[in-house]
Amino acid sequence: WLPLLTKEPAVLFTYRHPLEVAMSLKKREENFSLERGLRLWILYNWRAVVNSANLCRILSSNDAILANPLQEVQRISDELT
């Protein structure tokens with residue numbers, strides 16, 4: 001899809017702690033193992049990193065957004081400008 005864009009996009013990569021993700025998946029689905037949840041976290045985050053290589057990429061954690069949303073949005077904005 002990148003060739004269809006007229007300008008290079010910026011990527012906001014927001015991540016969550018892998019164990020939190022795995023535990024959340026296990027809680028929602030009875031037979032979902034922590035190992036499977038951790039493997040999915042690795043796979044999805046690895047793909048996000050690989051697919052956003054060579055693009056403007058800004059990292060933000062779920063914890064930072066929840067702890068102080070206005071400050072985190074300002075930080076992200078500052079990095080984009």
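# Salt bridges, helices and surface of a predicted model

Helix H4 spans residues 69–80 and holds both glutamate 72 and arginine 75, which sit 3 residues apart, about one turn of the helix. The structure described here is a predicted model. This report goes through the overall layout first, then the salt bridges, then the inside and the surface.

## Overall layout

The protein contains 4 helices and 2 strands. Read from the N terminus on, the order of these elements is β-α-α-β-α-α. Helix H4, mentioned above, covers residues 69–80, helix H1 covers residues 18–28, and helix H2 runs over 34–51, with a loop between H2 and strand E2 (56–61).

How does the radius of gyration of the protein compare with that of a compact globule of 81 residues? The globule would have a value near 12 Å, whereas the protein has 15 Å. Along the principal axes, the C-alpha atoms fill a box of roughly 45 × 35 × 15 Å. Of the 81 residues, 17% count as buried. The protein exposes about 6,500 Å², and 59% of this area is supplied by carbon and sulfur atoms.

Contacts can also be sorted by how far apart the partners are in the sequence. Taking the contacts with a separation of 6 or more, residues 24 or more positions apart account for 54% of them.

## Salt bridges

How many salt bridges does a search of the whole structure find? The search finds 4. The table lists some of them.

| Salt bridge | Closest N and O atoms |
|---|---|
| Arginine 39 and glutamate 35 | 2.8 Å |
| Glutamate 72 and arginine 75 | 2.6 Å |
| Arginine 75 and glutamate 79 | 2.3 Å |

Arginine 39 and glutamate 35 belong to helix H2; they are 4 residues apart, so about one helical turn separates them. Arginine 39 counts as exposed because its relative accessibility is 55%, while glutamate 35, at 48%, is partly exposed. The cut-off for exposed is over 50%, so a value of 48% falls into the partly exposed class.

The other pairs in the table lie in helix H4. Arginine 75 forms a salt bridge with glutamate 72 and also one with glutamate 79. Arginine 75 and glutamate 79 are 4 residues apart in H4, about one turn of the helix. Through these shared partners, the salt bridges join Glu72, Arg75 and Glu79 into one network.

Which residues of helix H1 are buried? Val21, Ala22 and Leu25 are. Around the helix axis they cover an arc of only 95 degrees, so they are on the same side of H1. The buried residues of H1 pack against H2.

Helix H2 itself contains asparagine 45. Is asparagine 45 buried or exposed? Its relative accessibility is 15%, and the cut-off for buried is under 20%, so asparagine 45 counts as buried. Apart from neighbours within four places in sequence, asparagine 45 is in contact with Phe13 and Tyr15.

## Surface

Isoleucine 42 is also found in helix H2. Its relative accessible area is 53%, so isoleucine 42 is exposed.

## A loop residue with positive phi

The loop between H2 and strand E2 includes asparagine 54. Asparagine 54 has a positive phi of about 70 degrees, although it is not a glycine. Most residues other than glycine have a negative phi. Asparagine 54 counts as exposed because its relative accessibility is 75%.

Key
Residues numbered from 1 in each chain as written. Predicted model: local features only at pLDDT ≥ 70, side-chain atom pairs only at ≥ 80, totals over all residues. Heavy atoms only, no water. Buried < 20%, exposed > 50% of the residue type's maximum accessible area, 1.4 Å probe, protein only. Contact = heavy atoms within 4.5 Å. Salt bridge = Lys/Arg side-chain N within 4 Å of Asp/Glu carboxyl O. Rg over C-alpha atoms; globule rule 2.2 N^0.38 Å. Areas by Shrake-Rupley, 256 points an atom, 1.4 Å probe, with all protein chains shown as cover. Arc of directions from axis to C-beta.
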